[in-house]
Amino acid sequence: MSNCPCKKDLMDQINTVSFAVDDVKLFLDTHPCNEEALSYFHEYSRLRNEALREYAAYYGPLTIDTAVYSCADRWDWINEPWPWQEGGC
């Protein structure tokens, strides 16, 4: 694929925004009406979903939710290396 993004860079981005989403979720457990935190959560959830979709399009899905982005013609996501295997994440 042309202009294929670096696999490691995409994983770093996914990990960064995933951490931010998880962290703000914990804050929202005790501050459920904090509008700034809710806005932050929505923005970083959106960024996480975009990064997961981009990763799936180039390297296969990391979650079942993004399988549709890499398995449009056949169900082959299981054939990709697992994260703990060589060539995986």
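The following is a short exchange about a predicted model.

Student: Why is Ile14 called buried?

Tutor: Ile14 has a relative accessible area of 4%, and buried means under 20%, so Ile14 counts as buried. Ile14 is found in helix α1, residues 7-30.

Student: Which other residues of α1 are buried?

Tutor: The buried residues of α1 include Leu10, Met11, Val17 and Ser18. Ala20, Val21, Val24 and Leu28 are also among them. Part of what covers the buried residues of α1 is α2.

Student: How do you know that the length of α1 agrees with its number of residues?

Tutor: With 24 residues at 1.5 Å a residue, α1 should span 34 Å. The end C-alpha atoms of α1 are 36 Å apart, which agrees.

Student: What does Ile14 touch, leaving aside its neighbours within four places in sequence?

Tutor: Ile14 is in contact with Ala51, Leu52, Tyr55 and Leu62. Ile14 and Ala51 are 37 residues apart in sequence, yet their C-alpha atoms are 5.9 Å apart in space. With the neighbours within four places again set aside, Ala51 is in contact with Gln13 and Ile14.

Student: What makes up the largest nonpolar core?

Tutor: That core has seven residues: Leu10, Met11, Ile14, Ala51, Leu52, Tyr55 and Tyr59. Helices α1 and α2 each supply at least two residues of this core, and α2 gives the most, with four.

Student: Where is Thr66, and why is Thr66 called buried?

Tutor: Thr66 lies in the segment after α2 (35-59). Its relative accessibility is 4%, and the limit for buried is under 20%, so Thr66 counts as buried.

Student: What does the side chain of Thr66 reach?

Tutor: The side chain of Thr66 reaches the backbone oxygen of Thr63 at 3.1 Å. A polar contact needs atoms within 3.5 Å, and the distance of 3.1 Å from Thr66 to Thr63 meets that limit. Not counting residues up to four places away in sequence, Thr66 touches Leu52, Arg53, Ala56 and Pro61.

Student: How many disulfides does the structure hold?

Tutor: The structure holds zero disulfides.

Student: Why is Cys4 called partly exposed?

Tutor: The relative accessible area of Cys4 is 37%. Buried means under 20% and exposed over 50%, so Cys4 falls in between and is partly exposed. Cys6, with 40%, is partly exposed on the basis of those limits.

Conventions
Residues numbered from 1 in each chain as written. Predicted model: local features only at pLDDT ≥ 70, side-chain atom pairs only at ≥ 80, totals over all residues. Heavy atoms only, no water. Buried < 20%, exposed > 50% of the residue type's maximum accessible area, 1.4 Å probe, protein only. Polar contact = N/O pair within 3.5 Å; in protein donor to acceptor, adjacent residues only side chain to side chain. Contact = heavy atoms within 4.5 Å. Expected span 1.5 Å × (residues − 1). Core = buried A, V, L, I, M, F, W, Y, C linked by side-chain atoms within 4.5 Å. Disulfide = S-S within 2.5 Å.
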